[in-house]
Amino acid sequence: MKLIAGVDIGNSTTEVCIGAVGENGYFRFLSSASRMTTGTKGTLPNVLGIKAALEEAMDRIHQPLSALDLVRLNEAAPVIGDTAMETITETIITESSMIGHNPSTPAGAGEAVGELLFLENIWKGKPGVPYIVAAASKFSYEEVAARLNQHIPELDVRGLILQADEAVLVENRLSKKMPIVDEVRHISRVPEGKLAAIEVALPGTSIRMLSNPYGIATLLGLNAEETKSVTPIAKSLVGKRSAVVIRTPHGNIRENILPAGEIVFHGEKEANVNIDAGADKIMETLASAGEIRDIDGERDTNVGNMLRRIKTSMADVAKEHEGDSEIRITDILAVDTLAPVEIAGSLAGETCMEKAVGIAAMVKTQHLPMQKIAERLEQELHVKAVVAGVEAVMASLGAMTTPGTKLPLAILDMGGGSTDAAVLQPDGSVKTTHQAGAGELVSMLIQTELGLHSRTTAEQIKKYPMGKVESLFHMRLENGSMQFFEESIDPRYYGHVVLLAPGEMLKVEEDIPMEKILEVRRDAKRKVFVRNALRALEIVAPDHDLRKIPNVVLVGGSAEDFEIPEMLMEVLADYRIVCGRGNIRGVEGPRNAVATGLLLSYLG
Amino acid sequence: MEVNEQLIKAITKAVVEQLQRGGAQPTTTSSSGPQSLAGKTRMRPKRSYEGAVRAKQGTDPKEVVIGVGAAFQTEITKTIGGIPLDEVLRNVKAGIEEEGMVSRVVKVLDTSDVGFMALQAAKLSGSGIGIGIQSKGTTVIHQKDLYPLTNLELFPQAPLMDLETYRKIGRNAAKYVKGEKVTPIECTNDPMVRAKFQVKAALMHIIETEQLDPDKGMIVWEGAK
């Protein structure tokens, strides 16, 4: 009996599968394992990950590594994916002219207009002039309230801006009701004597006047020209609970369009598109350019730098190639997104959702140095290692082991770096394609749109369903149902959105409502996978007609996701395609297709 | 430097010696058993809570009950770090008020263990959230259905706390009432604090424990008159 291992090196995971072949050709699968890919796919550092995965798999059948007779590596598709993100607009405040932020507890309600006056100068105030008073945190809430109460009979104080988080405390002690905005960090930058408008919305609603250019014009008495220039202010105040807008004669807010630059496609036809045009236009241009040889960006622009960065990061793979050091990008997937960016020159650290574009690029090289990996593996394990079989063919073979499939069979391999599609015809011919953009792009979109600090959190949000811990004994799940607990939930999770990973709960540290996370997560997955699935299947389908594919098997890491297969099923149902998550060998789920295919191909 | 039992014993001994040499009033230290206390001078005269009003069970769902120690604002007026207790209480209450919730102060006379003080305050609270503050400044936020030792938040290093922290404690307690996400309060941590303040903490705790009056339970507290 011989022990054979199939090894599949992917962009993010390395999968192995072990089987035994008897003398009479009798064949049996024994175990499998998967590990993180070490280093960039197709480079020598991969060997570490392969060894670890092999050890784990052999451990399960209680055999030493040396018991292996043969290791079969896949001829990995020579594509490597990478992602990058760049904002294409930027809001800059010249002279402080607005504060629009969401202190958790503003006080009062309504809007007010008045001349700005610092609390220390309140004795200078003239009767009859409407004022908005600004108080620094050196005054305690009792002092602020006492001083104002003393002056309120003769002065017309309409609103209050506080530096400390004390709006409710001051309001409870004031003799007159007025809107109060607090937590304005840089209060010293507020220009005294200027006209300001302040608005606080009732709980559960957002401001209406200051998030509307005409509202600002009404309150501050602006002409048509000035109203036009406050539009970015209004835009950035949408959805806030409180805001202050200050009229400064020369100050303004600009929405800078950054020199985002053009993407140049070198294909059957030369085509270029400005990145401002948005993702749809970029993808359209890409399609019109035909088969792509390389993609470039305009020099010294954001997109130019972005694509160069991707190419540079691929340089280490290129170095291992002989005679081919040129890195070429052969496909990109552009996705429109929004990124919260802190506004330059802001008073309270407010952020503005800026337009951004996320790009996944795929680098195609002539040939990955798989042979070298095989040699190194052979040296280290003292087991014969060979490179056998093209990835897509192997994946198709593996996918065939899913119960209920027949030829012609299409597979959609959704991994971390790229989305690959292949169609296996009954005559054994295979047509394949590789598309940029997969799980990693989704993680990046989630991270930027939610403004998360760590990529790990974004990946966890992508992977697990959520719930909100509403009390120590119950939790509301993302589908609206309630889950109760006998024992109290750890108080550390109280009030948090938690991710329900198997066996544990993971906290989301950022203060983002569950509904928002849900929306961003689903949107990101749809933007990347639905678009890519259709794009890829169209290329491999006979006559580029999706209806000619009877069934699609989803494999790869992203097919394990709890909602992506359902999303694709919905879309592909329109084309009468049977589509579902693969179940390799009836036990593995969508994983291990390539490794399984490698073993099957050994049998011939 | 390692903080172990011997070291603490040595420090205790040195402090007690110095106190006695300096002509301080004879004190009992934590090392002597309860029997030997009989007949000896108390650290502070027992305060009478005759006529005090027993605190009622709250019904307001916006309420946070603050349970203060038996010696709070009476025998002890400053925390172990020297912050006036009036200010501590004022800031905790301000933190609660800023979040739109209501505070109520009671004095806990049944126990001087801060975990139990907080739990009892929580059980009295209409919202089920309570804060326990020992006179030396140690603070716990508790919820009525939790076990005494699994509280919501504990602030054990009283000597390192400042008024800003107490304000935030009030704010966090109010956020628990509202079911909002609570951001943990940053605290400074100093491993030497225990060695430096062990004796003072023990003495303050004894002063507090001496004033217990379990028959009275929890009483309405509006500061020392």
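Axes here are lines fitted to C-alpha atoms, for helices over the stretch in contact, and angles run from 0 to 180 degrees between N-to-C directions. The model is predicted.

**Exercise 1. Describe the packing of α12(A) against α14(A).**

Task: Give the angle, the axis separation and the handedness, then list the residues in contact.

Solution. 
- Step 1: Geometry. Helix α12 (residues 439-450) and helix α14 (residues 514-540) of chain A pack at about 145°. Their axes are 9 Å apart.
- Step 2: Handedness. The crossing of α12(A) past α14(A) is right-handed.
- Step 3: Contact residues. α12(A) supplies L441(A), V442(A), L445(A), I446(A), E449(A) and L450(A). α14(A) supplies I517(A), V520(A), R521(A), A524(A), K525(A), K527(A) and V528(A).
- Step 4: Spacing. An α-helix has 3.6 residues a turn, so residues three or four places apart point the same way.
- Step 5: The contact has nine nonpolar, no polar and four charged residues.

**Exercise 2. Work through the sheet that holds β23(A).**

Task: Which strands stand at the edges, and why is one side of each without a neighbour in the sheet?

Solution. 
- Step 1: Order. The open sheet has five strands, β23-β22-β21-β29-β30 (chain A), with mixed pairing.
- Step 2: Edges. β23 and β30 (578-581) of chain A each have a single partner strand, so one side of each is left without a neighbour in the sheet.
- Step 3: Neighbouring strands are turned by 15° against each other on average, direction ignored.
- Step 4: A parallel pair. Strand β21 (residues 409-414) and strand β29 (residues 551-555) of chain A run parallel over five bridges. There, D413(A) stands opposite V555(A) in β29(A).
- Step 5: The covering helix. Helix α15 (residues 564-573) of chain A packs on the sheet and touches β29 and β30 of chain A. Its direction makes about 180° with that of β30(A).

**Exercise 3. Classify V430(A).**

Task: Decide whether V430(A) is buried, exposed or partly exposed, and find its contacts.

Solution. 
- Step 1: Location. V430(A) lies in strand β23 (residues 430-436) of chain A.
- Step 2: Cut-offs. A residue is buried at 20 or more other C-beta atoms within 10 Å, and exposed at 12 or fewer.
- Step 3: Count. V430(A) has 17 C-beta neighbours inside 10 Å, so V430(A) is partly exposed.
- Step 4: Contacts. Beyond four places in sequence, V430(A) touches A392(A), V393(A), S396(A), A422(A), V423(A) and L424(A).
- Step 5: A distance. V430(A) and V571(A) are 141 residues apart in sequence and 24 Å apart in space, C-alpha to C-alpha.

**Exercise 4. Explain the burial of β12(A).**

Task: Why is strand β12(A) called largely enclosed?

Solution. 
- Step 1: Count. Five of the six residues of β12 (residues 195-200) of chain A are buried, so the strand is largely enclosed by the rest of the structure.
- Step 2: One partner. Strand β8 (residues 110-118) of chain A pairs with β12(A) in the antiparallel sense over six bridges. V113(A) stands opposite A197(A).
- Step 3: Another partner. Strand β13 (residues 242-247) of chain A also runs antiparallel to β12(A), joined by six bridges. A196(A) stands opposite I246(A) in β13(A).

**Exercise 5. Summarise chain B and its contact with chain A.**

Task: How many helices and strands does chain B have, and which elements give two or more residues to the contact?

Solution. 
- Step 1: Content. Chain B has five helices and six strands.
- Step 2: Burial. Of its 225 residues, 44% are buried.
- Step 3: Contact size. Chain B gives 15 residues and chain A gives 17 residues.
- Step 4: Elements. On the chain B side, α2 (85-98) and α4 (163-178) give two or more residues. The largest share, three residues, comes from α2(B).
- Step 5: Classes. That side has five nonpolar, three polar and seven charged residues.

Technical notes: Residues are numbered from 1 along each chain as its sequence is written. Chains are lettered from A and ligands numbered from 1 in the order in which they are written. This is a predicted model: local features need pLDDT of at least 70, side-chain atom pairs count only at pLDDT 80 or more; totals for chains, interfaces and linings use all residues. Helices (H or I, at least four residues) and strands (E, at least two) are DSSP runs, numbered from the N terminus. Two residues are in contact if their C-beta atoms, placed from the backbone, lie within 7 Å. Ala, Val, Leu, Ile, Met, Phe, Trp, Tyr, Cys and Pro count as nonpolar, Asp, Glu, Lys and Arg as charged, and the others, Gly among them, as polar. Two strands pair if DSSP finds at least two bridges between them. A crossing is left-handed if the near helix is turned anticlockwise from the far one by less than a right angle, and right-handed if clockwise.
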